[in-house]
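Please look through the structure below before reading on.

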Amino acid sequence: MGKDLIIVESPAKVKTIKKFLGRNYMVHASVGHVRDLPTKDLGVDEAKDFAPKYQVIQGKQKVVTALREAAAGADNVYLAPDPDREGEAIAWHVAELIRKENQNISRIQFNEITARAVREALQNPRPLNENLFDAQQARRVLDRLVGYKLSPLLWKKVKRGISAGRVQSVALRLIVDREAERHAFVPEEYWVLRAHLQAAVPPPFKAELHKVDGKKPVVGNADAAAAIETAIAGAPFIVDKVEEKKRLRQPQPPFITSTLQQMASQRLGYSAKRTMSIAQRLYEGVELGEQGTVALITYMRTDSVRIADEAQQAALALIADMYGKEYVPPKPRVFKTKSAAQDAHEAVRPVDVNLTPEMVQNLLPREQHSLYKLIWQRFMASQMAAAEFHDTTVTIAAASTQWRAKGERMLFPGFLAVSPQKGTENEELPKLEEGQTVQLTTLDKEQKFTQPPPRYSEASLVREMEERGIGRPSTYASIISTLLDRDYATLEEKHFVPTDLGRVVCEKLSRHFTTLMDVGFTAQMEDALDKVAEGEQNWVDLLKDFTRDFDPTLAKAADEMEAVKQGLATDVLCPECGKPMIIKFGKAGTFLACSGYPDCKSTTNFSRDEDGNIRITERPQEEPEKVGTCPDCGKDLIVKKARTGSRFIACTGYPDCKHTEPFSTGVACPRCATGMLVEKSSKRGKIFYSCNQYPKCDYAIWDWPVAEPCPQCESGILTVKTTKARGKHIACPEKSCRYTRSLGDDDNAEGGEASSEE
């Protein structure tokens with residue numbers, strides 16, 4: 001009897017699965033995709049029903065050879081890539097490549113990498129799902145047609161080397177449209193009046209103005225606020241109504257991909273890409289000391305809140321044991337998955353709830369532990385009893401005004417026992433009765449202005465894409481990364497700001513490709529791809545319908561789209577000759593150049609303020625700082641500045657000697673320990689500090705690092721922050737840690753840009 005072969009995606013899974021399968025199984029990894037469309041041509045035969053011309057991916061020849069050899073020596077081959085469309089596509093391509101060596105090929109899938117789940121899958125193999133593969137193939141071909149045909153048009157009209165994507169371009173439109181809303185927003189003044197009151201018994205409390213003459217108050221200026229203050233001067237404050245009720249607060253469902261990314265962004269400060277990378281490792285398996293390699297969470301690409309019965313029963317048993325039977329809900333909770341969800345997999349949950357975050361804290365890297373704790377707490381909380389509150393709403397009359405105070409008191413923590421959250425919105429009120437007079441101690445009058453809609457954070461952009469049906473759980477992180485990598489948007493204070501290049505690309509595409517850039521159309525296309533996966537739509541017909549509109553629109557745009565490669569006009573005048581400056585799109589980002597070129601070669605960097613106005617970046621002439629001797633030619637090394645603002649080390653012998661080095665902070669990278677943190681700048685000029693071992697290590701922070709471990713958490717460094725409230729001070733870079741202290745004489749305080757906590 002020979003061995004059976006299991007083929008998974010990741011080498012990390014090989015180790016996890018080998019741990020609990022016997023000697024009768026070989027386990028190999030495809031290391032992701034093995035075939036794809038070619039990189040140097042379209043690779044799609046449109047005349048033959050969009051037939052793709054797949055080829056083995058460069059560098060994967062050895063992997064394919066190893067898979068073929070293993071398949072030739074196996075009795076049966078079980079294809080076990082991830083349980084989604086992408087995984088089905090990988091399985092399909094592997095099958096095509098090994099079919100000559102072995103015909104006994106089946107597909108297996110599991111939502112968690114445990115002995116039980118894998119053995120169950122082996123007992124229930126199935127054929128490859130052609131519909132799922134067709135859905136992924138349709139998406140791949142669709143995106144190739146858009147990107148390969150649209151990008152050259154943008155090269156010709158805007159800037160060479162840029163590109164367009166079917167879904168990413170719509171996500172960019174969300175960011176650009178939000179920025180336009182902010183610029184068009186006209187703030188309106190309003191005043192908030194707050195009465196500080198004292199009853200016969202403590203505590204003192206606050207009440208806000210609720211009504212004036214029985215109507216909602218409109219206090220638009222200081223005079224109106226003063227008039228109300230005059231009207232109540234000397235008037236008694238009498239309790240008019242006391243309303244009390246018990247309120248239940250229910251827990252949220254367990255995580256799906258989008259909510260995991262949102263919460264990891266809000267609680268841990270992780271990007272969507274970083275969250276998915278960490279979650280992938282937790283899913284595939286991590287080393288847990290004597291336990292060996294253990295998978296900690298279920299599959300993390302899902303849009304379903306459904307959970308397995310055995311997982312729910314295990315959670316309920318642990319809740320009763322850890323917290324008491326009163327924390328178990330009257331009946332097991334069932335959460336409803338959105339109608340648009342594919343519901344192919346369970347929610348993101350711990351594989352074994354009995355493996356608590358405390359038990360693995362010393363066995364996991366900090367970021368893996370933090371994300372596991374987030375997932376474990378959310379899942380446990382989702383299965384617990386509701387939190388109970390006693391709410392009190394008090395209405396107080398004074399002359400022609402009414403004031404309202406709200407208080408709450410927790411009666412039973414319920415799920416909050418495992419997932420504590422920030423303080424309640426309402427304070428606890430003293431015991432009050434109708435007709436009772438309370439004493440006004442002070443009256444606060446605060447001027448405020450209405451605020452524009454906020455820019456998207458990663459969390460809110462993912463939420464918006466999910467709600468509008470743009471993309472799918474597996475694509476959110478890559479969409480965001482693509483927008484940043486293409487310099488179509490930047491992250492400022494952790495919020496997306498479109499670049500000038502992003503605005504131009506969005507404006508051109510929105511004007512000439514109205515259907516492609518329509519959010520509703522993109523959502524409909526996702527629905528159509530879902531129908532392909534369900535066998536209700538033919539993938540070739542879908543592509544024919546799309547190209548029937550896209551191809552003529554592309555031809556028309558090629559003739560009518562106005563080119564901006566010469567630059568965008570501005571009202572900024574050249575400081576040297578007085579002619580208008582224009583915005584140019586260079587390799588290192590945007591800059592201002594004189595329209596009088598080549599007679600005038602003046603250029604300068606610029607930034608934009610909150611209102612979108614151009615602000616020239618001053619470049620004072622300074623004596624260069626000498627920092628050593630060039631190892632290549634022996635001349636002096638000096639500190640220079642890149643166009644985007646960061647410092648670097650360069651040889652004074654340039655251009656004969658082109659030796660350069662990054663500007664080192666002298667602080668070792670706390671994540672990989674082998675690299676050093678060096679100064680960098682984003683394409684829009686924001687300074688940050690990252691590991692010089694990138695891309696092997698992607699550790700980066702916004703503030704100047706200090707080589708000192710945090711005394712309150714596991715962070716290996718501290719940073720120098722500058723905020724409006726505290727000025728320059730020392731702080732821990734970890735969002736979950738609040739350690740700060742004043743700047744001492746011994747602290748390296750070279751850094752000090754305004755931080756995100758302003």
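Two residues are in contact here when they have heavy atoms within 4.5 Å of each other. The model is a predicted one. With that cut-off, and leaving aside residues up to four places away in sequence, Met465 touches Ala171, Leu174, Ile470, Tyr476, Ile479 and Ile480.

How many disulfides does the structure hold? The number is zero. A disulfide is a covalent bond between the sulfur atoms of two cysteines. To count as one, the two sulfur atoms must lie within 2.5 Å. The cysteine sulfur closest to that of Cys630 belongs to Cys657, but the distance is 3.7 Å, so the pair is too far apart for a bond.

The backbone has some points to look at as well. Between Pro202 and Pro203 the peptide bond is cis, with omega near 5 degrees. Pro203 is in the loop that runs between strand E9 (189-198) and strand E10 (205-212). Another cis peptide bond joins Tyr654 to Pro655, with omega about 10 degrees. Here Pro655 sits in the loop between strand E27 (647-651) and strand E28 (660-662).

Positive phi values come next. Asp49 is a residue other than glycine with a positive phi, near 55 degrees. Its location is the loop between strand E4 (44-45) and strand E5 (51-52). Asp213, likewise not a glycine, has a positive phi near 55 degrees, and Asp213 lies in the loop between E10 and helix H7 (222-232).

Are these two aspartates buried or exposed? Asp49 counts as partly exposed because its relative accessibility is 42%. Asp213 counts as exposed because its relative accessibility is 58%, and the cut-off for exposed is over 50%.

Note on methods:
Residues are numbered from 1 along each chain as its sequence is written. This is a predicted model: local features need pLDDT of at least 70, side-chain atom pairs count only at pLDDT 80 or more; totals for chains, interfaces and linings use all residues. Side-chain values use heavy atoms; hydrogens and water are left out. Helices (H or I, at least four residues) and strands (E, at least two) are DSSP runs, numbered from the N terminus. Buried means under 20% relative accessible area, exposed over 50%, partly exposed in between (1.4 Å probe, protein chains only).
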